[in-house]
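User: I want to learn how to read a contact between domains. Can you take me through one?

Analyst: Gladly. Here is the model.

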Amino acid sequence: MTDSNNLQKLQLELSKHASSMRGLHMRDLFMHNPNRAEAFSIELPDIFIDYSKNIITSEILESLFHYAELLDIKSSINSMFSGEKINITEKRAVLHTALRSKREEKLDVDGADIIELVHNELDKIKTFTSAIHSGEYCGWTNKSINTFVNIGIGGSNSGPKLVIDALSDYRKKNTYCFFISNIDYRQLNELKKNIDPETTLFIVSSKSFSTLETKANAESVKEWLVDVGCDQIEKHFVAITENEKAAIDFGISQSNIFHIWDWVGGRFSLWSAIGLVISLALGFDNFQRLLNGAREMDLHFKQGPNQSNAPVILALLDYWYNNFLDADTHAFIPYDESLKLFPDYLAQLFMESNGKSADLAGNSIDYKTMPVTWGGIGTDSQHAFFQLLHQGTQTIPVDFLAPLKKSGDKNHHRHLLANCIAQSQALLQGEDNPDPHKHFPGNKPSTTILYKELSPEILGKLLALYEHRTFVLGLLWKINSFDQWGVELGKKLAANIYENLKDNKTNTDIDSSTKILINKYLDSNK
Ligand code: F6P
């Protein structure tokens, strides 16, 4: 039998499993197997993943593993690590894992040892960080720099912002950090009220150095600096980019340009010089610890057999719900204030990577890909949208994340954990009530990820776990997780509409809705 016949056979088998699970309640699965939690959990150093509260049996998992084997995901994983150009639509390697490699490793890409390049850049980040922290690097009035403003959007914003917020306990004393991403001028206005330009460094983070929002914000900041009397603009800007020429044209000096390579995707870039702001805010040592943690997860992912491989198992569960149990969304709920930005970060990671409808061969596909990624923080979410999780009509798998230790009041932490555990228990068990309004059906799937007190290493591991899960999902759907053509059309049309708004005119050859919206703006701004 050919592989494609075998794949079809397995899909049929999984559909049959799905039908048989429709009549079952997870409560019964737990009753019949008192060791279910032990069987369906993964113990990694510092991280424990309990996936037993999912609508699965060992047979289903076996079929899913078999499916992954037939697709030969192991070879694809090796292809990524070894630098093959797996981002086929952009003809690029995908090597965010190389950013967390050890100095003594070697990896040749297009004739260059990229590990050496990575470590040269890391050395530059380290030296620059220390020059800033020691006060050796000063602003135009010879005051030392204590404020860092990252100007970037998408992957050039959300990863570093999440890391700095999550690891606030590790912040360098007496330093301040801000993120400017949106083209909405309100962000810049607020920023200007809160910073002293003489002691501020602006970090223009843009792989392409052509992103509208980032360029416009950087230009506005430059104008503001000139207005307030700065006569040495170059002292207040650094850039992280692949497009050095554009950064130099903007006015950034060569020595203040940090390099990023085409094999680092935007949403996978916090490990590169895009993480400069992390190093400035938390110290280079903590940035290195973050990289070390991610590297540990890389090794687990690369070396571990599918059957005990955390990213692979989580991706297989995602595939199971999305393609066989009709789940259209997946919720991510950290019971950890430190991870409050995690759902937003994941939204880009998952949906920009896997919101696709063409397969690797360029064919339109007829199966579902990425479900909607959403979420919020526990316990706040319990008092907001959890009603839908407990009594709504849809199947919504949930990832709960919680720290086993947290600094601060122990009792608060116990309440936090108790609520996290109780929610997954309630979703599983439900509660019978003759009054349909008060009836909890239960049988709602969730996975709980517990980790030791959040540290740079553990955060690195968690982020890499989700990155690799994203990649495996793409493999299961046979799509390219590393391009994002879907963001281009809107950018192009916005550029046309901007001309209309600026020049006070409407095109005649556009649809009536777009025309009426443009005219509303023009009427209001006469
Ligand atoms: O518009 C999408 C996107 O290309 C993201 O993938 C990327 O993270 C973001 O824009 C920012 O891109 P850049 O770093 O080139 O400014």
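User: How much area do domain 1 and domain 2 bury between them?

Analyst: The size of an interface is often given as the accessible area lost when the parts come together. In this predicted model, domain 1 and domain 2 bury about 1,800 Å² between them. Carbon and sulfur atoms carry 62% of that area.

User: Which residues make up domain 1 and domain 2?

Analyst: The domain assignment gives domain 1 two segments, 3–70 and 311–483. Domain 2 is 98–288. The assignment also lists domain 3, at 488–524.

User: How far apart are the C-alpha centres of domain 1 and domain 2?

Analyst: The two centres lie 34 Å apart. Domain 1 gives 24 residues to the contact, and domain 2 gives 18.

User: Which elements give two or more residues to the side of domain 1 that touches domain 2?

Analyst: They are α14 (342–354) and α17 (456–477). The largest share comes from α17, with 7 residues.

User: How do the residues on that side of domain 1 divide by type?

Analyst: The side of domain 1 that touches domain 2 has 11 nonpolar, 8 polar and 5 charged residues.

How values were computed: Residues numbered from 1 in each chain as written. Predicted model: local features only at pLDDT ≥ 70, side-chain atom pairs only at ≥ 80, totals over all residues. Heavy atoms only, no water. Domains from an automatic or database assignment. Contact = heavy atoms within 4.5 Å. Buried area = accessible area lost by both parts, 1.4 Å probe. Helix = DSSP H or I, 4+ residues; strand = E, 2+ residues; numbered from the N terminus. Nonpolar A, V, L, I, M, F, W, Y, C, P; charged D, E, K, R; others polar.
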